[in-house]
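Work through the exercises below with the model open beside you. Try each task before reading its solution.

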Amino acid sequence: VTEEDDLIQIKDEKESIESELIKKQRQKQIMEAIDALKPKLREVIIMYEMQDMTYEEISEKIHCPVGTVRSRLFNARKELSVTLKDLI
């Protein structure tokens, strides 16, 4: 192992740590943006995106039509895209 190999390994580790920190910061920003949504929008975006529930499953759970679920998801995504425009 040469000195150059050691430097490359150190650089790779540093970049890996930086990438991980950036990833964690982005996740934090996303969660803060989700937390800032109105409760009805937040609940459907969490169920759909994080819990992998279908429109129908969400509809049954929150006792509203599938169209309402779709509308709330649309509005949640729209708000999140504005809030998180710097990440996109």
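The exercises go from the whole chain to single residues, and the model is a predicted one.

**Exercise 1. Overall fold**

Task: State how many helices and strands the protein chain has, and in what order the elements run.

Solution: 
- Step 1. Count the elements: the protein chain has 4 helices and 0 strands.
- Step 2. Read from the N terminus: the order is α-α-α-α.
- Step 3. Place the elements in the sequence. Helix 1 covers residues 3-35. Helix 3 takes residues 55-62.

**Exercise 2. Overall dimensions**

Task: Compare the radius of gyration of the protein chain with that of a compact globule of 88 residues.

Solution: 
- Step 1. Take the reference: a compact globule of 88 residues would come out near 12 Å.
- Step 2. Take the model: the protein chain has 20 Å.
- Step 3. Look at the box. Along the principal axes, the C-alpha atoms fill roughly 65 × 25 × 15 Å.
- Step 4. Turn to contacts between residues at least 6 apart in sequence: 47% of them join residues at least 24 apart.

**Exercise 3. Surface and charge**

Task: Find what share of the residues is buried, what the surface is made of, and how far apart the mean charge positions lie.

Solution: 
- Step 1. Buried residues account for 22% of the 88 residues.
- Step 2. The accessible surface is about 6900 Å², and carbon and sulfur atoms hold 53% of it.
- Step 3. The protein chain carries 15 positive and 19 negative charges. Their mean positions lie 13 Å apart.

**Exercise 4. A serine in helix 3**

Task: Decide whether Ser-59 is buried or exposed, then list its contacts beyond its sequence neighbours.

Solution: 
- Step 1. Ser-59 sits in helix 3.
- Step 2. Its relative accessibility is 11%. The buried class lies under 20%, so Ser-59 counts as buried.
- Step 3. Leave out neighbours within four places in sequence. Ser-59 then contacts Cys-64, Pro-65, Val-66 and Val-69.

**Exercise 5. Positive phi in two loops**

Task: For Asp-52 and His-63, give the phi angle, the loop and the exposure.

Solution: 
- Step 1. Asp-52 is not a glycine, yet its phi is positive, near 55°.
- Step 2. Asp-52 belongs to the loop between helix 2 and helix 3. Its relative accessible area is 63%, so Asp-52 is exposed.
- Step 3. His-63 is no glycine either, and its phi is positive at about 55°.
- Step 4. His-63 belongs to the loop between helix 3 and helix 4. With a relative accessible area of 71%, His-63 is exposed.

**Exercise 6. Sequence and space**

Solution: 
- Step 1. Start with Val-82 in helix 4. At 52% relative accessibility, Val-82 counts as exposed.
- Step 2. Move to Lys-28 in helix 1. Its 46% relative accessibility makes Lys-28 partly exposed.
- Step 3. Finish with Ser-71 in helix 4. Ser-71 is partly exposed at 36%.

How values were computed: Residues numbered from 1 in each chain as written. Predicted model: local features only at pLDDT ≥ 70, side-chain atom pairs only at ≥ 80, totals over all residues. Heavy atoms only, no water. Rg over C-alpha atoms; globule rule 2.2 N^0.38 Å. Buried < 20%, exposed > 50% of the residue type's maximum accessible area, 1.4 Å probe, protein only. Contact = heavy atoms within 4.5 Å. Areas by Shrake-Rupley, 256 points an atom, 1.4 Å probe, with all protein chains shown as cover. Lys, Arg positive; Asp, Glu negative; His and termini not counted. Charge placed at Lys NZ, Arg CZ, Asp CG, Glu CD.
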